[in-house]
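Student: Could you walk me through this one with me? I'd like to start with how the chain is laid out and then go inside.

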Amino acid sequence: MAVSKTRRCLMLFLVLFIPSCSNQRFDYSVYVEQHNLQSFWLDGQGYRHWLVFKPGHVSDVLRVYLSGDGSPWLHGRYVNDDPTPAKPVALRLMGLDPSPALYLGRPCYHGLELACDPSLWTDRRYSKEVVDSMTSSLKRFLDQKYGGTIKRLELIGYSGGGALAVLLAERLEAVSTVITLAGNLDHQAWTESFSYLPLTDSLNPMNDAELNGVSALHIVGSEDKNIKPEFVEAFVKKHGGELLVLEKVDHSCCWLKNWPDLLKKIDRLH
């Protein structure tokens, strides 16, 4: 009798809980179709990457958007089987950008494959392996789409994508500008601050980034309790670049609202 009651409770939980979760999932394919974007898969170095291209005015400059970490963990305890961001800030920021732009997905995000391992979105999320594969995929896109005509790349990374942006910069000769938005630029300070598990097999931008000759703008919200402004300030003190603290902005609010004005500031960096 106890087993039967447990099963009924479990079924009720599944009926009530799972639909509500599925309704909250962001539909990437619908977004791509509604905004007339071009999506495709492209091989990197050992992994496939989901890319979304947004044509714009004719230009020899391409902006590359990098997403946050999404949800590597569930309830802070269990490894998620799909870390893809449920709220794709970077992709939606790209949708507001009139310039030619590319969304570059990470290994094992937007669809798992046999080569995937949960460590790629947990402790190895910023590893050399991840960065090298993203670099390879981006280079392949540039060769196939532009045939080497792109003169400048601007890397724009949100949250964990900010970490990847500064790590990618030294591996791509055409990178002229790096912009981080609430960027996780010192994951050791971040994990220690919240008593999270350390990202032991990841490169740490604070120690491993090389931005020599690259213009950099690091933007963070004054109310961000996740990526604290002092983390970003410490990175700027060590590596240079410009620090911009946005008042009344936290980790999720209100990047989309501020993005048109921030794009004007980015345009003036050249």
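Tutor: In this predicted model, strand S9 (residues 215-221), helix H8 (residues 229-239) and S10 form a β-α-β unit that is right-handed.

Student: In which sense do S9 and S10 pair, and over how many bridges?

Tutor: S9 and S10, the latter covering residues 242-246, pair in the parallel sense over 5 bridges, and within that pairing Val220 stands opposite Val245 of S10.

Student: Switching to H4, how far does it reach from its first C-alpha to its last?

Tutor: Helix H4 (residues 128-146) has 19 residues and reaches 26 Å, which is close to the 27 Å expected at 1.5 Å a residue; just after H4, Gly147 takes a positive phi of about 60 degrees.

Student: And what do the buried residues of H4 pack against?

Tutor: The buried residues of H4, including Val131, Met134, Leu138, Phe141, Leu142 and Tyr146, pack against strands S1 (38-43), S2 (48-54), S3 (61-66), S6 (101-104) and S7 (152-158), as well as helix H5 (160-169).

Student: Which residues touch the most other members of the largest nonpolar core?

Tutor: That core has 49 residues, and Leu62, Phe141, Leu153 and Val178 touch the most other members. Leaving aside residues up to four places away in sequence, Leu62 touches several residues, among them Phe141, Leu142 and Tyr146, which are also buried residues of H4, together with Phe53, Ile150 and Leu153.

Student: What lies apart from that core?

Tutor: Another core, of 28 residues, lies apart from it, with Ala90, Met94, Trp259 and Leu263 among its members.

Notes: Residues numbered from 1 in each chain as written. Predicted model: local features only at pLDDT ≥ 70, side-chain atom pairs only at ≥ 80, totals over all residues. Heavy atoms only, no water. Core = buried A, V, L, I, M, F, W, Y, C linked by side-chain atoms within 4.5 Å. Buried < 20%, exposed > 50% of the residue type's maximum accessible area, 1.4 Å probe, protein only. Contact = heavy atoms within 4.5 Å. Helix = DSSP H or I, 4+ residues; strand = E, 2+ residues; numbered from the N terminus. Expected span 1.5 Å × (residues − 1). Pairing = 2+ DSSP bridges. Right-handed = clockwise from strand over helix to strand, strands pointing away.
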